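Look at the strands first, then at the helices.

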Amino acid sequence: MIHFQKETQQFDLISENSQLSLGVLPSGHLATYYYGEKVGTVDLSYVVKEIKRASYMADTDCIKDFKLEQIPLVYPAYGNPDMRTPAVQLILADGTRITNLRYLDHRISEKQPIPGLPSCQHETAEMLTIRLVDQENNLRVSLLISVFPQHDVFTQNIQIENLGSTPITIDRCMSGSLDFLSDKYDLLTLGGAWGREAHQNRRRLVQGFQGVDSKRGASGHGQNPFIALLDQEVDENHGSIYSMNLVYSGNFLALADVDMHQNTRLQIGINPFEFSWKLDAKEIFHTPEVVMVEAQQGLNQLSARYHKFYTECLIPKKFAKKTRPILMNNWEATYFDFDKETILALAAEGKKLGMELFVLDDGWFGQRNDDTSSLGDWQPNVEKLGGTLEQLIAAINQIGMAFGLWIEPEMVSPNSRLYQKHPDWIIRVTNQEPQQVRHQYVLDLSRKEVQDYLITTLTNLLTENNISYIKWDMNRNITDSGSFYLYLRVYI
């Protein structure tokens, strides 16, 4: 699956039908030779050698006609002297922003999980780790590229290691970057809004910057962490596609940047907007994983490859191919206005119609009779439920249905016992009145006491009751980005 040709310094990652080939240049820079349908372990270095150089660009390393700005780089760093959009940008202790990454070594191993982040796994997957180093700045960047042979999928994540004794600030760190020596593509992103998700946005590439991002604290209906380049004749069953999907639900950036020589740089990763990460001495930063899928037979083949891959390599095996129960939810029938008798009557009717799982939606906790109160008070309202939650669940189970529950644990209502006791637990800017969205604030999960409260409360809720399904909602994005806790740590 992964081959290294020592004499040509070429890496070939090959699946059943797809291939990604990289090469180490004499300068130590890493270039993308090929990405597409499988062609085998042939020498592909001519791709870089035959690029016509533009005389007005800088000669890298003072080597005549070695124009880094025109070479399809695997993981471009800021400067030296590629002037296109970098994949990584750092601020070193002395204020230097230029990073000079060169090939150090590599190894081939089994696919490894990413510490603290979701990642794709399969027993047949193989991983290539390429280490790039900036010797002057005691910095190492590792590219962890995996091939999933039976799925025609490549994944990549990045590790940045501070080998020095002073902190480094990460300003930009994309998970994936691919350079194409053409701009004759359509750009495909997925957009929409509530109730009309994942609509195709397709347009011709133009010179300059284009793409999609989220600055909302999350991806969502209108911000899907997916981007693709399509041959202009692509339809459902014909044509070549090159795509990236980020396994990450926070702020992201997916871009296509076309330069003046009709080259296209495709990138996806954490959004650099409002992103800054202090990497202390000897620490390692891990990016989310990007999934790269190419297809030669149109959008239908691309979609089928993603679906099969995520079912078999990302979704936990316990659930991946398990038959889902037929679910009924009380929300549209009752909203907040329900009692035990209403719920049991709905469940009984649902059972007659073949329903297998009853989900009790918003309004079961605190004094939650409308959307203005009680988020954060995750204690069942025994008066409204006509007894304990355990008793209600037992009655639903007696009808012959499993039980599920609605929660929105990262949010809190101003009108709640939790907020009245801990008003400093929300995300907010310290000297400004925080904004409310849907009568709620976002809890500051950088605080250990907030984490402990939610973990303890929800663990007790789920272990003390026979709950087989959770409807985990998120009804607002993050505004007022700030932390009173971090403010106290830094300034007080």
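In this predicted model, Ile-407 stands opposite Trp-472 in strand E26. Strand E23, residues 402–407, pairs with E26 in the parallel sense, over 4 bridges. As background, strands of a sheet pair through backbone hydrogen bonds, either parallel or antiparallel.

E23 and E26 belong to an open sheet of 4 strands with parallel pairing, in the order E21-E22-E23-E26. Strand E21 (327–329) and strand E26 (469–472) each have a single partner strand, so one side of each is left without a neighbour in the sheet. On average, neighbouring strands of this sheet are turned by 25 degrees against each other, direction ignored.

Helix H5 packs on the sheet and touches E21 and strand E22 (357–360). Helix H7 lies across E22 and E23.

| Helix | Residues | Strand for the angle | Angle |
|---|---|---|---|
| H5 | residues 340–352 | E22 | about 155 degrees |
| H7 | residues 389–399 | E23 | about 140 degrees |

A further pair of strands is E3 and E4. Strand E3 (residues 18–24) and E4 run antiparallel and are joined by 7 bridges. Within this pair, Leu-20 stands opposite Tyr-35 in E4. The hairpin of E3 and E4 has 5 residues between the strands, and Gly-28 in this hairpin takes a positive phi near 95 degrees.

Is strand E4 largely enclosed or largely open? Of the 8 residues of E4 (residues 30–37), 6 are buried, so this strand is largely enclosed by the rest of the structure. Buried here means under 20% relative accessible area.

Technical notes: Residues numbered from 1 in each chain as written. Predicted model: local features only at pLDDT ≥ 70, side-chain atom pairs only at ≥ 80, totals over all residues. Heavy atoms only, no water. Pairing = 2+ DSSP bridges. Helix = DSSP H or I, 4+ residues; strand = E, 2+ residues; numbered from the N terminus. Axes fitted to C-alpha atoms, helices over the stretch in contact; angles between N-to-C directions. Contact = heavy atoms within 4.5 Å. Buried < 20%, exposed > 50% of the residue type's maximum accessible area, 1.4 Å probe, protein only.
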